[in-house]
Amino acid sequence: MKTRKTRFDNALNNNFMEESSHININEAIKLAMKMKVIDILEPTSKTIGELAEIVSRLQNADCLEVIDIEVFTSKLHSYS
């Protein structure tokens, strides 16, 4: 019988490294939006698992780059 892995187990085993950065970031945001800040003061095992998943997903996401749209679009026009 196969045992079901918990969020905490998945985070410890780095199971989110195969996901894309977009998926990892969006899933971390979804989990965080359901959580209240006060929940971390006396976390339940569920909250600890969710926090571990959020951290693991964000650690496995690529850093985002801010693009100056004016610089980007001016370069597009210079090639015409």
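Ser-56 lies in helix α3 (helices, H or I, of at least four residues, are DSSP runs numbered from the N terminus). Ser-56 is buried, with a relative accessible area of 3%; buried means under 20% relative accessible area, exposed over 50% and partly exposed in between, with a 1.4 Å probe and protein chains only. This is a predicted model, where local features need pLDDT of at least 70, side-chain atom pairs count only at pLDDT 80 or more, and totals for chains, interfaces and linings use all residues. Residues are numbered from 1 along each chain as its sequence is written, and side-chain values use heavy atoms, leaving out hydrogens and water.

**Around Ser-56**
- Leaving aside residues up to four places away in sequence, Ser-56 touches Ala-11, Asn-14 and Phe-16 (contact means heavy atoms within 4.5 Å).
- Asn-14 sits in the loop between α1 (7–12) and α2 (21–34).
- Asn-14 is partly exposed, at a relative accessible area of 30%.
- Though Asn-14 is not a glycine, its phi is positive, near 60°.

**Helix α2**
- Which residues of α2 are buried? They are Ser-21, Asn-24, Ile-25, Ala-28 and Leu-31.
- Looking down the axis of α2, these buried residues fall within an arc of 130°, so they line one face of the helix (the arc is that of the directions from the helix axis to the C-beta atoms).
- An α-helix has 3.6 residues a turn, so residues three or four places apart point the same way.
- Cover for the buried residues of α2 includes α1 and α3.
- His-22, Met-33 and Lys-34 are exposed on the other side of α2.

**Another loop**
- Val-37 lies in the loop between α2 and α3 (45–59).
- Val-37 is exposed, with a relative accessible area of 68%.

Key:
Helices (H or I, at least four residues) and strands (E, at least two) are DSSP runs, numbered from the N terminus.
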